[in-house]
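Good morning, colleagues. Please look at the model on the screen while I take you through a few of its local and overall features.

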Amino acid sequence: MTDRTDTTADGRKPEPRRVARVILLDPDDRILLLHGYEPDAPDQTWWFTPGGGLEGDETHEQAALRELAEETGITDVDLGPVVWQRVCSFPFDGRRWDQDEWYYLARTTQTATAPAGLTELEERSVAGLRWWTSAELSAARETVYPTRLAELLHTLLDEGPPSAPVVLAPEIV
């Protein structure tokens, strides 16, 4: 992650960090989520989709697959279309993160996970991961990002991918 609260040399705020996220579904339509926490406050937890920032001249698709492999160990993936886009801003690890996120729908038959490429920050802030059914996600009382993920997933499973990415409301935490 890159801190995006600084200003550029001419005083402008930099562009948001470009992020690729993955809505990874297994053959039973379960979604894989990571369990994160604030490094200095482990009682502040949430669930979120795999993904992260683009590196260099990497495309969103390349970043989605790379991040998925690093964070989950899953490489046997059928990467589908971008289904959602959102802009978000949140505090994390003592900084403010401004992001432009693209969410890809993906399918896999590989359900065993083995995160092996976590960054130092991820090692300090990721407690694990698990597969969730749509019903489990709907019943969850824990914080999940993006908000409304249970509703969004339900619609996605019922209606299939949208013809164009759905732009979600900005999320400022």
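This is a predicted model: local features need pLDDT of at least 70, side-chain atom pairs count only at pLDDT 80 or more; totals for chains, interfaces and linings use all residues.

Asp 29 sits in the loop between β1 (17-25) and β2 (31-38); strands here are DSSP E runs of at least two residues, and helices are H or I runs of at least four, numbered from the N terminus. The phi angle of Asp 29 is near 65°, a positive value in a residue other than glycine. Asp 29 is partly exposed, with a relative accessible area of 27%; buried means under 20%, exposed over 50%, and partly exposed in between, with a 1.4 Å probe and protein chains only.

Residues are numbered from 1 along each chain as its sequence is written, and side-chain values use heavy atoms, leaving out hydrogens and water.

Asp 93 also has a positive phi, near 55°. Asp 93 lies in the loop between β5 (77-92) and β6 (95-108) and counts as buried, at 17% relative accessibility. Most residues other than glycine have a negative phi, and most peptide bonds are trans.

A cis peptide bond, with omega about 0°, joins Tyr 145 and Pro 146. Pro 146 belongs to the loop between β8 (144-145) and α4 (149-159).

Turning to the whole, the protein contains four helices and ten strands, in the order β-β-β-β-α-β-β-α-β-α-β-α-β-β. Of its 173 residues, 43% count as buried. The C-alpha trace spans about 50 × 35 × 30 Å along its principal axes.
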